[in-house]
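Here is a short report on side-chain pairing and helix packing. The model comes first, then the notes.

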Amino acid sequence: MGSDPLARLRAAPEHSAILLDVDGTLAPIVARPELSAVPADALGLLGGLVERFALVGCVSGRAALDAARLVPVPGVRIAGNHGLELLVDGEVRLAGGVEEWLDDVRTAAAAVEPIADEAGGWIELKGATFSVHFRQAPDPVAARSLLELRAVPLIAASGLVSRWGRMTLEARPPVPVDKGSAVEELLAGCPGVRWSLYAGDDRTDLDAFGVVDVRVAVRSDETPDDLLEAADVVVDGTDGLADLLRSLAP
């Protein structure tokens, strides 16, 4: 790839794609998701990238409409719920096989809610998935242990798949979709793209790392070691990611 992993993207932006996670990558991590915000300067940078690059997109663990609320930049493509949702002309399109699980997601979320309360956490129902947040628990380590012991088996019994994120336990339908397949779908919609970059901060972003040319890890105290080890470029926090985007902007 050479000494500068970004050189090919800078040299041929009309044939390149910039794909980004949202929370912890564009937006600083906060106590609750509804308090999150992408800084105005980062939104401005995305607007410049849309004008320069063949594809600019966000692939988020949030519901697609919620991710679009955080990134209200015309021309930015949005995939939500780790790829289970794609925003097309303002409408949410579910991945194949997801709709039949929506009732199970709601039922499992209601069953897990008392366990989340006992752990000091809370449930975020996101349509196609739900998350148990325990960042604000009095003892996050004990909270995770309780969720591992009681919530994970309950999620499995409901037929859903569980996965750990940054101070979250996520439950989702058992369909073969992830951030990597979401990136592949976005890239397939732009057949002229030859080079691609993805930036993220959590273990779910490893799926996207596997299908792009340049992998950018956004480092924090909570970034998993395997993400850092898999990266071609490591930046420090959301400010470091903004600096990288600035280096790609016109």
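## Arginine 32 and glutamate 34

Glutamate 34 is partly exposed, at 46% relative accessibility (buried is under 20% relative accessible area, exposed over 50%, partly exposed in between; 1.4 Å probe, protein chains only). Arginine 32 is partly exposed too, at 27%. The two form a salt bridge, with the closest N and O atoms 2.6 Å apart (a side-chain nitrogen of Lys or Arg within 4 Å of a carboxyl oxygen of Asp or Glu).

This is a predicted model: local features need pLDDT of at least 70, side-chain atom pairs count only at pLDDT 80 or more, and totals for chains, interfaces and linings use all residues. Residues are numbered from 1 along each chain as its sequence is written, and side-chain values use heavy atoms, leaving out hydrogens and water.

## Helices H2 and H9

Helix H2 spans residues 40-52 and helix H9 residues 237-248 (helices are DSSP runs of H or I, at least four residues, and strands runs of E, at least two, numbered from the N terminus). They pack at about 30 degrees, axes 9 Å apart (axes are lines fitted to C-alpha atoms over the stretch in contact; angles run from 0 to 180 degrees between N-to-C directions). H2 and H9 are therefore roughly parallel (angles under 35 degrees).

Aspartate 41 forms a salt bridge with arginine 246, at 3.5 Å between the closest N and O atoms. Aspartate 41 sits in H2 and arginine 246 in H9, 205 residues apart.

## Other salt bridges

Arginine 163 and aspartate 207 meet at 3.0 Å, N to O. Arginine 163 lies in strand S8 and aspartate 207 in helix H7, so the pair ties together parts 44 residues apart in sequence. The whole structure holds 19 salt bridges.

Terms used:
Parallel < 35°, antiparallel > 145°, perpendicular 65-115°, else oblique.
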